[in-house]
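Here is a briefing on one protein model.

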Amino acid sequence: EGPRLAHLAREWALDRIERTAKDPKTSDAGGGEWFLAYLHAAHRDIYDDIDISDCEILAEKTSVPSITQKVKKYKIGKIAIPSCQDAFETLMEESSKEKDGSIGDISDRSEIMAKIIMDIYMTNLMDFSTV
C-alpha cells in the first residue's frame with residue numbers, strides 16, 4: 001500500500017505542476033498574486049491606473065475601469081501570463097547576452113516570471129511533502 005500511495009502522490013504533484021506551469025494565470029494558487037505581480041512588471045501603465053485592492057477578483061475580470069479616465073477600460077482578461085516554458089526560454093535568451101563579461105540583464109517581466117516559476121514548484125512540492 002505504501003509504494004502505491006507514494007506513486008499516486010508523485011503523479012498528483014507532477015500533474016499539478018504541469019497544469020499550473022502551462023497557464024499560471026488561471027491556476028494561480030496565490031489568489032491572483034501572480035497575475036498582479038506580472039501586471040506590475042509587464043504592464044506597468046495599466047497597473048498604475050487601476051484598482052488593485054483585490055488581486056483575486058482582478059485576475060478573473062475581463063475588463064477594469066481606469067482610475068484616471070472615466071471612459072477608459074483596460075481589457076485585462078486578454079492579458080495572459082506566459083507559460084513557464086516560454087518564460088524560461090525568454091529568461092535564458094536574455095541572460096545569455098553578455099555585457100562587459102557578465103551575464104546579461106533580464107527584464108522586470110522575466111524576473112517576475114522566474115519568481116512565479118519558483119513559486120509554482122515550491123508550493124506544489126510543499127503540498128506533496130504533506131501527503
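Helices (H or I, at least four residues) and strands (E, at least two) are DSSP runs, numbered from the N terminus. The model is predicted: local features need pLDDT of at least 70, side-chain atom pairs count only at pLDDT 80 or more, and totals for chains, interfaces and linings use all residues. Residues are numbered from 1 along each chain as its sequence is written, and side-chain values use heavy atoms, with hydrogens and water left out.

**Overall shape and surface**

- The radius of gyration of the protein is 18 Å, whereas a compact globule of 131 residues would have one near 14 Å. This radius is taken over C-alpha atoms, and the globule rule is 2.2 Å times the number of residues to the power 0.38.
- The C-alpha trace spans about 60 × 45 × 20 Å along its principal axes.
- Of the 131 residues, 33% are buried. Buried means under 20% relative accessible area, exposed over 50%, and partly exposed in between (1.4 Å probe, protein chains only).
- Among contacts between residues at least 6 apart in sequence, 51% join residues at least 24 apart. Contact means heavy atoms within 4.5 Å.

**Charges**

- The protein has 17 positive and 25 negative charges, and their mean positions are 6 Å apart.
- Lys and Arg count as positive and Asp and Glu as negative; His and the chain ends are not counted.
- Each charge is placed at NZ of Lys, CZ of Arg, CG of Asp or CD of Glu.

- The largest nonpolar core holds 25 residues, and Phe35, Leu39, Leu58 and Ile76 touch the most other members. Such a core is a set of buried Ala, Val, Leu, Ile, Met, Phe, Trp, Tyr and Cys residues joined through side-chain atoms within 4.5 Å.
- Two or more residues of this core come from each of helix H1 (2-22), helix H2 (33-42), helix H3 (44-47), helix H4 (55-60), helix H5 (84-95) and helix H6 (108-129).
- In H2, the buried residues are Trp34, Phe35, Leu36, Tyr38 and Leu39. Their cover includes H1, H3, H4 and H6.
- Beyond four places in sequence, Leu39 touches Arg44, Ile46, Tyr47, Ile50, Leu58 and Ile79.

**Thr20**

- Thr20 sits in helix H1.
- Thr20 counts as buried because its relative accessible area is 7%.
- Beyond four places in sequence, its contacts are Ser27, Trp34, Ile120 and Asn124.

**Ile79 and Lys25**

- Ile79 lies in the loop between strand S2 (73-74) and H5. It counts as buried because its relative accessibility is 11%.
- Beyond four places in sequence, Ile79 is in contact with Lys25, Phe35, Tyr38, Leu39, His43 and Ile46.
- Ile79 and Ala59 are 20 residues apart along the chain, with 9.4 Å between their C-alpha atoms.
- Lys25 belongs to the loop between H1 and H2. At 12% relative accessibility, Lys25 is buried.
- Beyond four places in sequence, Lys25 touches Phe35, Ala59, Ile76, Gly77, Ile79, Ala80 and Ile81.
- Lys25 and Leu125 are 100 residues apart in sequence and 19 Å apart in space, C-alpha to C-alpha.
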